[in-house]
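Have a look at the model first, and then read on.

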Amino acid sequence: MITETTPQAPARLALTAVCLGFFMITLDATIVNLALPAISADYAEPSTAALQWVVDAYTVTLAAFLLTWGAAGDRWGARRVFEAGVAVFVLASIACAAAGSLPWLIAARAVQGAGAAALLPSSLALIAHQFPDAGARARALGVWGGMSGIGLAAGPLLGGLAVGLADWRLVFAVNVPVGLLAIVLTRRAVTETPLRARTRIDGMGQVFGTAALACLVAGFIESGHAGWLAAPTLVLLGAGVVCGALFVIVERIVPAPVLPPGALRVRNFAVATAIGGLFNFGMYGALFCLALFLQRVWTLGALPAGLALVPLTAVVGINAFFSGRLTSRFGARLPIVAGALAGLAGSIGFALLPAGRSVLVLIVFSAIYGCCSLAMPAMTSVAMNALPDKAGLAAGVLNASRQTGGAVGVALVGGLLPGTAMWLVAAGYVVIALLALGVRR
């Protein structure tokens, strides 16, 4: 019989279970990009804005619910929340694969994001619980970050294979066996975290935070095809600013804010949170742009485009694993700065890509850009160690920032020319490098 906790469960098996859930999230972030032209053709929907929503419906709900689910993990147990998140994610993936219309697909993607929001912060909280030693935790976070890299690396290839050899719906169906395996291993090997029954859920903060993010992302997407001064753009951006201001006010007066103002006064935590948002801004924006560029400008099919992105995502995965060891030995500042400089150099190279096919040039700059993942486990380690007694909160805030950055990245760069978009991405990496200099040991 499976008990509520399993004290003798091997740590490696527990880490595998947790990482499988995280793998699904990162896989879904990149596997969909290669399917966008096929989805557009299937639904006779040519607008880039609609395709941006296929990506951002997922990232907006993921970002919006991360903080609430982080607090829920502290209250009800990170393992329970993790299992619930995986279950919702799997069911929503089935709905995505069965979608009969584009609105249905976008709605199912939003539910997928809500499930991912439950399992992401709880996965980090479970790692903090399973690995109390700082060195072992850094190495475990390296593996966790490496799974992110594997998901990013596998996404374009699996997406290209699914679309090129079968159907775009298969990109969502692959989540089902992975999710079921994650649940089985979690119940066998992962121990429950201590419960904090007094932890409260901030409903008002959740409402205003979600509304602010959704309106701002919608405004950025609208600006891409209607213009910055168009009435719908201005209304959406204005509503986002108002909701954002209300969110700040609510967080200062409610007894249990979803984002405690004091958390961002911890220097290392504030810096890591900002770096996380900028990192995903660049990564998600770049992958969205490259996927469309390769298929629309270079006129590659889905499978060749997926293969063309493998050098980038493979290097992302390799360096994400390597970063954990670097962080454990030298601290976080070095890998973050190195990753930022690599992202800067690679994105400048992408900005200069010729319209004519030049695969060798693409591979070179992809390999350089992929080294940006050196920053991933390092910034996570900084955030988790800055608030060691509030693992759920730390994981929720960091990943909310990252997913918000990803949603904004897709929304902003999706409406720009590829070259212009990549210069914007490059500017983000300059800011990351400057912020990393402020990280204290």
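Among contacts in the chain between residues at least 6 apart in sequence, what percentage join residues at least 24 apart? The figure is 85%, with contact meaning heavy atoms within 4.5 Å. This is a predicted model, in which local features need pLDDT of at least 70 and side-chain atom pairs count only at pLDDT 80 or more, while totals for chains, interfaces and linings use all residues. Residues are numbered from 1 along each chain as its sequence is written, and side-chain values use heavy atoms, leaving out hydrogens and water.

The chain has 17 helices and 0 strands (DSSP runs numbered from the N terminus: H or I of at least four residues for helices, E of at least two for strands). Its radius of gyration, taken over C-alpha atoms, is 20 Å, close to the 22 Å that the globule rule (2.2 Å times the number of residues to the power 0.38) gives for 441 residues, so the chain is as compact as a globular protein of that length. Of the 441 residues, 59% count as buried, meaning under 20% relative accessible area with a 1.4 Å probe, protein chains only.

Now to one helix pair, with the residues that meet:

| Helix | Residues | In the contact |
|---|---|---|
| H13 | 333-351 | Ala342, Gly343, Ala345, Gly346, Ser347, Gly349, Phe350 |
| H14 | 359-370 | Leu362, Phe365, Ser366, Ile368, Tyr369 |

The axes of H13 and H14, lines fitted to C-alpha atoms over the stretch in contact, with angles from 0 to 180 degrees between N-to-C directions, come within 7 Å and cross at roughly 155°. That makes H13 roughly antiparallel to H14 (an angle over 145 degrees).

Definitions and conventions. Angles under 35 degrees count as roughly parallel, over 145 as roughly antiparallel, 65 to 115 as roughly perpendicular and the rest as oblique. Buried means under 20% relative accessible area, exposed over 50%, partly exposed in between (1.4 Å probe, protein chains only).
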